[in-house]
Amino acid sequence: LEDAGLRVPHQLAADFQRGFLLMEDFGESLLLSQLSATTVDALHTQALEVITRISTIASEQGVPRFDEARITEELGVFPEWFLQQLLGFDEADMPSELLTGLTALLIQVFMKQPQGLVHRDFHSRNIMCLSDGELGVIDFQDAAVGPVTYDPVSLLKDCYVRWPRADQLRWLAHFRSQQADMGRAMAEQHRVVRDFDLVGLQRHLRVLGVFARLYLRDAKPDYLNDLPLVLHYTREALELHQSEPEIGAFHDWFESIVMP
């Protein structure tokens, strides 16, 4: 990332034997603290440029791929921790055929998109506003090779702050044009929107499970406060794309069984 000109904490020195790193300090100005109705356009445009640059970096050997096994494993956090551990569903209550059908569809959505390096958690708490006006990137240890819409979902459907759908789509169209400027042609806009929403559906089902796990296993109850927004994104994606059979069936179950 640093070799590609991105601002990540510079490693000044390391003593791996004793476990010490001397790193650049990015300060304490999170992007989240700088976002407002008047600043968000410029800051999101700048952040999307960073995402585009990340996506065009040639991945090093050993960087994992968002393959079928990884996508399936991540979705497994949703029934285990959100449905069973948090909501108290029994094994018999789990709609395995609905989850299997949805998972198969989402795997196709992931695989058929242009692929690139993905930060995987590119949101307003992992981006720092530096004193020179640049954006610093942290928390990139889970980077993978995956669909180019994944990081835009993390930013534009941020689990900690909500922006109007119209603005999300406008920023997504700008990202699509940025990708074209870098020589990567994406699908037509309506298809990119579908990919964006369904990649987001996979991410947010997983996050429902992760936030439940952070509360139940790791004693971090503050994440429960963020569940309503993640639920909103999940329900919105299901509603928008319920004409697709796998999503429609899951949508009906989710609204009739999970939401009550």
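A residue counts as buried when its relative accessible area is under 20%. In this predicted model, Phe110 has a relative accessibility of 1% and is therefore buried. Phe66 is buried as well, with a relative accessible area of 2%. The points below cover aromatic pairs, charges over rings and a surface patch.

**Aromatic pairs**

- With ring centres required to lie within 6.5 Å, the count comes to 13 aromatic pairs.
- In the pair of Phe66 and Phe110, the ring centres are 5.3 Å apart and the planes stand at 70°, so the arrangement is edge-to-face.
- Phe66 belongs to the loop between helix H2 (40–55) and helix H3 (68–75), while Phe110 belongs to helix H5 (residues 96–111); the pair therefore ties together parts that are 44 residues apart in sequence.
- Trp163 and Trp171 also form an edge-to-face pair, at 6.3 Å centre to centre and with 85° between the planes. Both of these tryptophans, Trp163 and Trp171, are buried.
- One aromatic cluster is formed by Phe78, Phe82, Phe89, Phe250, Trp253 and Phe254.

**Charges over rings**

- Arg70 lies over the face of Phe66, at 5.5 Å from the ring centre. Phe66 thus has both this contact and the edge-to-face pairing with Phe110.
- Over the ring of Tyr160 sits the charged end of Arg125, 3.7 Å from the ring's centre.

**Surface patch**

- Phe16, Leu21 and Met23 make a nonpolar surface patch of about 370 Å².
- One of these residues, Leu21, lies in strand S2, which spans residues 20–23.

Notes
Residues are numbered from 1 along each chain as its sequence is written. This is a predicted model: local features need pLDDT of at least 70, side-chain atom pairs count only at pLDDT 80 or more; totals for chains, interfaces and linings use all residues. Side-chain values use heavy atoms; hydrogens and water are left out. Patches are made of residues with over 30% relative accessible area and no salt bridge: like charges are joined within 9 Å, nonpolar side chains (Val, Leu, Ile, Met, Phe, Trp, Tyr) within 5 Å. Accessible areas come from the Shrake-Rupley method with a 1.4 Å probe; for residues, only the protein chains shown count as cover. A salt bridge is a side-chain nitrogen of Lys or Arg within 4 Å of a carboxyl oxygen of Asp or Glu. Helices (H or I, at least four residues) and strands (E, at least two) are DSSP runs, numbered from the N terminus. Rings of Phe, Tyr and Trp (its six-membered ring) pair if their centres lie within 6.5 Å; planes under 30 degrees apart count as stacked, over 60 as edge-to-face and the rest as tilted. Buried means under 20% relative accessible area, exposed over 50%, partly exposed in between (1.4 Å probe, protein chains only). A charge sits over a ring if NZ of Lys or CZ of Arg is within 6 Å of the ring centre and within 35 degrees of the ring normal.
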